[in-house]
Amino acid sequence: VQLQASGGGLVQAGGSLRLSCAASGRIFSINTMDWYRQAPGKQRELVATISSVGSTNYAGSVKGRFTISRDNAKNAVYLQMSSLTPEDTAVYYCRMGIIPTVETAVYHYWGQGTLVTVSS
């Protein structure tokens, strides 16, 4: 299983970006899909999560500005980010809880990270 993240880039404060992450390989089903981020010199933090039935949760710092969504047919998760500030600058990682085949456990896989830079 591989996760491929994309969509990062340079944006001015107040702007928007949409991140995408798609999983490929042996996949029976996918449970929770998450977005994390890690800013320079800081620990990785959970930004948003979406369950298999579409329930969502957000970190307080992004609530109301970011929207997580998923497309189960494409094994993909998205993060729509708006009203970006320089404090949102970080490498963003997707993570998925994947069940590769029937009657196997859930394994968590990470994407390679995509850099978001917000200029003031």
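**Note on the predicted model: sheet, disulfide and salt bridges**

1. Strand S7 and strand S8 (residues 76-81) run antiparallel and are joined by 6 bridges. Within this pairing, Phe-66 stands opposite Met-81 in S8.

2. How many disulfides does the structure contain? The count comes to 1 disulfide. It is formed by Cys-21 and Cys-94, with their sulfur atoms 2.0 Å apart. The link of Cys-21 and Cys-94 is right-handed, with 60° about the S-S bond.

3. Thr-114 is placed in strand S11 (residues 114-119). Is this residue buried or exposed? Thr-114 has a relative accessible area of 9% and is therefore buried, the cut-off for that term being under 20%. Its side chain reaches the backbone nitrogen of Gly-8 at 3.0 Å. Leaving aside neighbours within four places in sequence, the residues in contact with Thr-114 include Gly-8, Leu-19, Ala-90 and Tyr-92.

4. A search of the whole structure finds 4 salt bridges. In one of them, the side chains of Arg-95 and Asp-34 meet at 3.1 Å, N to O. This pair links distant parts of the chain, with Arg-95 in strand S9 and Asp-34 in strand S4 (residues 29-38), 61 residues apart. Asp-34 is buried, since its relative accessible area is 3%.

5. Another salt bridge joins the side chains of Glu-45 and Arg-37 (2.7 Å, N to O). Which of these two residues is buried? Arg-37 is buried, with a relative accessible area of 5%, whereas Glu-45 counts as partly exposed at 33% relative accessibility.

6. The side chains of Asp-88 and Arg-65 also meet in a salt bridge (2.8 Å, N to O). Asp-88 lies in the loop between S8 and S9, and Arg-65 in the loop between strand S6 (56-58) and S7, so the pair links distant parts of the chain, 23 residues apart. Both residues, Asp-88 and Arg-65, are buried. Finally, Arg-37, Glu-45, Arg-65 and Asp-88 are linked in a network of salt bridges.

Terms used. Residues numbered from 1 in each chain as written. Predicted model: local features only at pLDDT ≥ 70, side-chain atom pairs only at ≥ 80, totals over all residues. Heavy atoms only, no water. Pairing = 2+ DSSP bridges. Helix = DSSP H or I, 4+ residues; strand = E, 2+ residues; numbered from the N terminus. Disulfide = S-S within 2.5 Å. Buried < 20%, exposed > 50% of the residue type's maximum accessible area, 1.4 Å probe, protein only. Polar contact = N/O pair within 3.5 Å; in protein donor to acceptor, adjacent residues only side chain to side chain. Contact = heavy atoms within 4.5 Å.
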